[in-house]
Amino acid sequence: MSITAITPIPSGSALRVYLSPPAGAVAWRILRKAADTFTGPNDVDALVVHAGTARSALDDVGLVDGSTYFYRVYYWSGTTWTASASLSATPGATYSDE
């Protein structure tokens, strides 16, 4: 039950988050912050990147290339929330024009 990978998008200013939901999870929330200070699934200081059941999500809202961002997923079982470990990533453009 974790974030399996976070990859930068070649054009920059975006990251794709990939998940491996645990058995029994019926929905989840991916949260983003500038520091690893998550307080729970309803953290008012975090941006909700995705809420639903998709196993990957594109985060392209307000990211700045070269800045580090932290992500945590909260999985809903129908009765309780379970948090993943946090993972950080840094967006940046990697394409080159020939």
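Asp36 and Arg72 make a salt bridge here, with their closest N and O atoms 3.4 Å apart. That pair links distant parts of the chain: Asp36 sits in the loop between strand 3 and strand 4, Arg72 in strand 6, 36 residues apart. Keep in mind that this is a predicted model.

**Salt bridges**
- In the Asp36 pair, Asp36 is partly exposed at 41% relative accessibility, while Arg72 counts as buried at 17%.
- Arg32 bridges to Asp59, with the closest N and O atoms 2.8 Å apart; Arg32 is in strand 3 and Asp59 in strand 5 (residues 56–59), 27 residues apart.
- Arg32 has a relative accessible area of 11%, so it falls under the 20% cut-off for buried; Asp59 is buried too, at 2%.
- Lys33 pairs up with Asp43, the closest N and O atoms being 3.0 Å apart. Lys33 lies in strand 3 and Asp43 in the loop between strand 3 and strand 4, so the bridge ties together parts 10 residues apart in sequence.
- Both Lys33 and Asp43 are buried.

**Strand 3 and its partners**
- Strand 3 (residues 27–33) is mostly covered, with five of its seven residues buried.
- Strand 3 runs antiparallel to strand 6 (residues 69–76) over seven bridges, and Ile30 stands opposite Val73 there.
- With strand 4 (residues 47–52), strand 3 pairs in the antiparallel sense over five bridges; Trp28 faces Gly52 across that pairing.

**Nonpolar core**
- The largest nonpolar core has 15 residues, and Ile30, Val73 and Val17 are among those with the most contacts inside it.
- Strand 6 gives the most to this core, with four residues.
- Val17 touches Ile30 and Tyr71, among others.

Technical notes. Residues are numbered from 1 along each chain as its sequence is written. This is a predicted model: local features need pLDDT of at least 70, side-chain atom pairs count only at pLDDT 80 or more; totals for chains, interfaces and linings use all residues. Side-chain values use heavy atoms; hydrogens and water are left out. Buried means under 20% relative accessible area, exposed over 50%, partly exposed in between (1.4 Å probe, protein chains only). Helices (H or I, at least four residues) and strands (E, at least two) are DSSP runs, numbered from the N terminus. Two strands pair if DSSP finds at least two bridges between them. A nonpolar core is a set of buried Ala, Val, Leu, Ile, Met, Phe, Trp, Tyr and Cys residues joined through side-chain atoms within 4.5 Å. Contact means heavy atoms within 4.5 Å. A salt bridge is a side-chain nitrogen of Lys or Arg within 4 Å of a carboxyl oxygen of Asp or Glu. Lists of a residue's contacts leave out its neighbours within four places in sequence.
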